[in-house]
Each structure stands twice: as C-alpha cells, then as structure tokens.
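Colleague: I'd like to go over the aromatic residues in this one. Can you put it up?

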Amino acid sequence: SEMSKDMLPGPYPRTPEERAAAAKKYNMRVEDYQPYPDDGLGYGDYPMLPNKSQYERDPWYQWDQPDMRHNWGEPMHWDFDMYIRNRVDTSPTVVPWHTMSKHFLLFLSIMLIMFGLGEIYPSYRPVGPKQYPFNDLYLERGGDPNKKPPAVIHYEI
Amino acid sequence: MAWAPPPSAAQLYRPNRFVSLPPELDPATYDTSPEKLRAEAERLAIRSRLKRQYLLQLNDPNAPAVIENPALIRWAYAKSQNVYPTFRPTPKTSFLGAVYGLGPLLFWIFVLKADRDRKKKRIQEGKLKRSPLSVFF
C-alpha cells in the first residue's frame with residue numbers, strides 16, 4: 001500500500017506526544033486511546049477496544065459496511081475477525097451467565113453421578129436363566145436328528 | 001443500624017468475558033453530564049469527517065475501483081508485520097513460548113511411548129489378540 005510509515009502501526013507509545021500522535025493516527029480521541037499493556041507480546045501501539053462483538057452494534061444505524069456493522073476508517077478490534085456476526089457473539093443474555101452455568105453444571109453433575117451410581121450398584125427385578133424350548137434347542141444347535149436328545153425339563157409339578 | 005444498599009441490577013447481572021452488560025443496566029447510559037456530551041460531540045465530529053471522506057470517494061465518477069480502508073490496512077499490518085518488531089523476550093513471553101512450543105511435543109512423546117510400551121508388554125505376555133490377516137502391525 002502507499003501509506004507512509006507513520007500511518008502504519010508502530011511500537012508502544014512511551015511519551016504523551018507519541019500517544020497523541022498514535023490516537024490521531026487511529027482516528028480516535030486522545031482520551032479514548034488506550035494501547036495494550038507493554039508486555040512484549042507483539043501488540044505495539046494498537047488500541048485496546050472493548051471486547052464486544054459486532055452483534056451488539058445498532059442494527060438500524062446506516063453503517064458504511066452494513067454486514068460488518070463497521071464504518072470506514074473506524075479502528076477495528078484486534079479480534080475483529082472473531083467478533084463478526086457469523087462467529088462469537090457477546091450480546092447480553094436474558095439470564096445472567098453465572099445462573100446459566102450454575103444450572104447447567106448442577107444438572108450435568110447430578111445426572112452423571114446418578115448414572116455412575118447406577119452402574120456401580122445396579123438394581124433390577126430378580127431374574128433366572130433363560131429357558132429355551134425343544135430340549136434347549138437341540139436340533140437348532142446342530143444336534144444329530146437320528147439320536148434321541150437329552151431331555152430338558154424346566155417345570156416341576 | 002444501616003444495612004448495605006441492595007446490589008444494583010448491574011451487579012446482579014455480573015457481566016464477564018463472554019457476555020457484556022446491556023445498556024439499560026449500565027449507569028453510563030443515563031448520565032448526561034457535559035463531559036459526556038462533549039466526548040460524544042468529538043466522536044461524532046471524527047466520524048462525520050471520515051464519513052465525508054468515504055462518501056466523496058464513493059460518489060466520485062473518476063474514483064478508483066477499490067476504496068481502500070486505512071483502518072483495515074492498519075489492522076492487517078498490526079496483526080502480521082508489526083508483531084515481530086514489537087515482540088520482546090520477557091519472563092512471561094519466554095514461559096508462554098516454552099509451554100506452547102515444547103508442551104504439546106513432550107506430551108505426545110510421552111503418551112505415545114507409554115502406549116507403545118504397554119502394547120509391547122501385552123504382546124510379550126501373550127494377551128493381545130493378533131489376527132494373521134491384519135495389515136497393521
């Protein structure tokens with residue numbers, strides 16, 4: 001691109017003049033401009049914008065790019081490609097997050113514990129071995145048809 | 001005896017990393033102090049200047065085919081080419097580099113080695129069912 005070096009992002013701003021110049025470069029107010037903390041992680045002087053997804057922006061305003069809900073020249077969030085409307089959505093939920101997670105984890109843990117207990121201590125009605133007819137299926141199991149099968153009686157009178 | 005005031009609606013809601021506070025519960029929506037109005041006016045001035053530049057390029061009959069967005073160029077540059085010059089080895093970055101770089105490698109080395117050792121032991125004890133038709137070893 002034909003942008004000059006001072007229009008592109010640079011290192012972390014140390015003096016107030018550098019901060020003012022960086023705010024002007026990113027089209028932000030000096031009070032709004034807040035760079036990422038200087039941890040050496042590679043952010044440089046890029047502004048730290050609030051972590052809100054594009055879903056939260058006004059759907060009825062005439063954005064320059066309506067699908068991205070983004071205006072021309074407006075500083076983009078570092079994770080802009082994550083916060084587009086097809087992906088992560090940080091809109092406020094009807095039920096608070098801690099209530100939702102508490103209900104879900106309680107339900108899941110109770111169900112898993114009960115299933116686990118059911119595996120360790122199974123309980124069912126008393127059963128006996130299965131009784132097959134025709135002398136314990138002698139012919140079906142490949143017994144010789146010319147020999148007399150051993151008599152299997154399942155009842156008592 | 002004075003009890004503590006009841007928790008506000010925003011405190012009951014507790015926004016976190018995944019959900020944000022709705023503007024109806026945010027006290028900043030309802031404050032109409034002159035500083036806020038002046039801040040809003042300044043932001044609006046910046047936005048309208050940018051919009052004017054954009055619309056001039058958009059409706060220009062001799063316009064170039066693609067109107068490049070300097071914010072987009074800066075974003076792409078910051079994420080790709082500005083990372084190496086601004087990176088600095090600190091205790092935190094060295095630790096994270098070791099964890100993310102060497103961690104998975106060593107983890108899989110140990111897991112696969114342990115798995116193969118266990119299989120070898122089972123074969124030597126004769127417990128593993130090996131069908132002669134298998135093409136896998």
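Colleague: Is Trp78(A) buried or exposed?

Modeller: This is a predicted model. In it Trp78(A) has 11% relative accessibility, so the residue counts as buried, the cut-off being under 20%.

Colleague: What about Tyr43(A), buried or partly exposed?

Modeller: Partly exposed, because its relative accessibility is 25%.

Colleague: How are the rings of Tyr43(A) and Trp78(A) arranged?

Modeller: Edge-to-face. Their centres are 4.7 Å apart and the planes stand at 65°, and an angle over 60 degrees counts as edge-to-face.

Colleague: Where do the two sit in the chain?

Modeller: Both are in the loop between helix H1 (16-25) and helix H2 (97-120) of chain A, 35 residues apart, so this pair links distant parts of the chain.

Colleague: Which residues do ring pairs link into a cluster?

Modeller: Tyr43(A) and Trp78(A) belong to it, along with Tyr26(A), Tyr33(A), Tyr36(A) and Tyr46(A).

Colleague: And how many aromatic pairs are there over all chains?

Modeller: The count is 11. One of the pairs is in chain B: Phe107(B) and Trp108(B), with ring centres 5.2 Å apart and planes at 70°, so edge-to-face.

Colleague: Are Phe107(B) and Trp108(B) buried or partly exposed?

Modeller: Phe107(B) counts as partly exposed at 47% relative accessibility, and Trp108(B) counts as partly exposed at 49%.

Colleague: Different topic. Which residues of chain B does the "transmembrane region" annotation cover?

Modeller: Residues 94-112, according to UniProt, where the entry is unreviewed. In the model that span is 100% helix and 0% strand, with its end C-alpha atoms 27 Å apart.

Notes. Residues numbered from 1 in each chain as written. Chains lettered and ligands numbered in written order. Predicted model: local features only at pLDDT ≥ 70, side-chain atom pairs only at ≥ 80, totals over all residues. Heavy atoms only, no water. Phe/Tyr/Trp six-rings, centres within 6.5 Å; stacked < 30°, edge-to-face > 60°. Helix = DSSP H or I, 4+ residues; strand = E, 2+ residues; numbered from the N terminus. Buried < 20%, exposed > 50% of the residue type's maximum accessible area, 1.4 Å probe, protein only. UniProt positions renumbered as here; feature names shortened; annotations may be inferred.
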